[in-house]
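Subject: Structure for your review

Dear colleague,

Please find below the structure I am handing over to you.

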Amino acid sequence: VRTFRDLSDFDEMIRDLESIAEKTYQRGLGVGFDNGPEMRERLRVQTAKGWLRAFVLYLDDKPCAFWVGTMYQRTFCSDFMGYDPAYGKYSPGMCLIMRVIEDFCAATGGDKPQRIDFGFGDAQYKTVLAGSEWRESSVYLFAPTFKGLGLNLLRTPTALVNRWAKDVLGKTSLLPKVKRIWRDRVMQR
């Protein structure tokens with residue numbers, strides 16, 4: 001496992017992150033780490049301020065998993081994770097998470113976080129590792145006009161069907177299976 005946090009290693013870090021990210025289902029969904037100019041500038045600023053922590057797991061000198069986050073006020077905030085699906089059955093992401101947490105426990109001073117914020121969304125590793133959680137909700141405001149009413153009428157049925165489907169799948173333990181199928185389909189594209 002290598003930790004990147006200096007500008008001198010910036011280009012190498014970006015190269016190794018991209019070599020993994022391009023293979024992830026997150027990339028297929030258009031989320032997560034991307035190698036665009038905005039992302040590079042964001043990471044460059046975080047690095048210059050001393051906030052960036054990027055961890056890369058290597059197997060035979062080949063990058064296979066990464067975890068990128070921000071260390072700020074003694075909290076490590078997870079920003080991006082990914083792993084090479086070729087190694088999926090070995091859970092390289094979880095191996096990396098456990099190794100980083102182990103290193104955090106051994107750290108001293110400002111390098112030792114008091115908290116790890118895994119960010120939004122649900123994932124098995126969050127259920128296993130997190131000590132607390134909170135629910136968030138979106139609020140939608142529509143203008144009191146016919147156009148606003150029309151937009152609300154378009155959005156509401158879709159949102160209700162989505163919520164209902166998630167509730168049904170969650171109660172029947174099918175949600176993880178559906179997510180896996182969805183991710184696999186994205187990866188095949």
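I begin with the cavity. Helix 2 (25-29) and strand 4 each contribute at least two residues to the lining of the largest cavity. Strand 4 gives the largest share of that lining, namely three residues. The complete lining consists of Ala21, Thr24, Gln26, Arg27, Val31, Gly32, Phe33, Phe66, Phe80, Met81 and Gly82. The volume of the largest cavity is about 40 Å³, and the count of cavities of 30 Å³ or more comes to one. Please bear in mind throughout that this is a predicted model.

For orientation, here is the overall architecture. The protein has seven helices and five strands, and along the sequence they follow the pattern β-α-α-α-β-β-β-α-β-α-α-α. Taken along the principal axes, the C-alpha atoms fill a box of roughly 55 × 35 × 35 Å. The protein has 189 residues, of which 29% count as buried. Among contacts between residues at least 6 apart in sequence, 57% join residues at least 24 apart.

Helix 1 has 12 residues, and the distance from its first C-alpha to its last is 16 Å, close to the 16 Å expected at 1.5 Å a residue. Its buried residues are Phe10, Met13, Ile14, Asp16, Leu17, Glu18, Ile20 and Ala21. The elements that cover these buried residues include strand 1 (2-4), helix 2, helix 3, strand 2, strand 3 and strand 4.

Which residues of helix 3 are buried? They are Met39, Leu43, Gln46 and Thr47. Seen down the axis of helix 3, these buried residues fall within an arc of 100°, and therefore they line one face of the helix. The buried residues of helix 3 pack against helix 1 (10-21), strand 2 (52-59), strand 3 (62-72) and strand 4 (75-83). Just after helix 3, Gly50 takes a positive phi of about 80°.

Gln46 counts as buried because its relative accessibility is 9%, under the 20% cut-off. Leaving aside neighbours within four places in sequence, Gln46 is in contact with Trp51, Leu52, Thr70 and Asp79.

Thr70 is also touched by Thr75, a residue of strand 4. Not counting residues up to four places away in sequence, Thr75 touches Arg115 and Asp117 as well. Is Thr75 buried or exposed? With a relative accessibility of 12%, Thr75 counts as buried.

Ile116 is in strand 5 (residues 115-117). At 28% relative accessibility, Ile116 counts as partly exposed. Its contacts, neighbours within four places in sequence aside, are Trp67, Phe76, Ile101 and Phe104. Between Ile116 and Asn162, which are 46 residues apart along the chain, the C-alpha atoms are separated by 30 Å.

Gln73 has a positive phi of about 50° although it is not a glycine. Gln73 is placed in the loop between strand 3 and strand 4, and at 60% relative accessibility Gln73 counts as exposed. Ser91 also has a positive phi of about 50° without being a glycine. Ser91 lies in the loop between strand 4 and helix 4 (92-106), and with a relative accessible area of 37% Ser91 is partly exposed.

With kind regards

Notes:
Residues numbered from 1 in each chain as written. Predicted model: local features only at pLDDT ≥ 70, side-chain atom pairs only at ≥ 80, totals over all residues. Heavy atoms only, no water. Buried < 20%, exposed > 50% of the residue type's maximum accessible area, 1.4 Å probe, protein only. Helix = DSSP H or I, 4+ residues; strand = E, 2+ residues; numbered from the N terminus. Arc of directions from axis to C-beta. Contact = heavy atoms within 4.5 Å. 1 Å grid on protein atoms, 1.4 Å probe; cavity = no way out; pocket = protein on both sides within 12 Å on 5 of 7 lines; lining within 4 Å. Points joined across faces, edges and corners; volume = space filled by probe spheres on them. Expected span 1.5 Å × (residues − 1).
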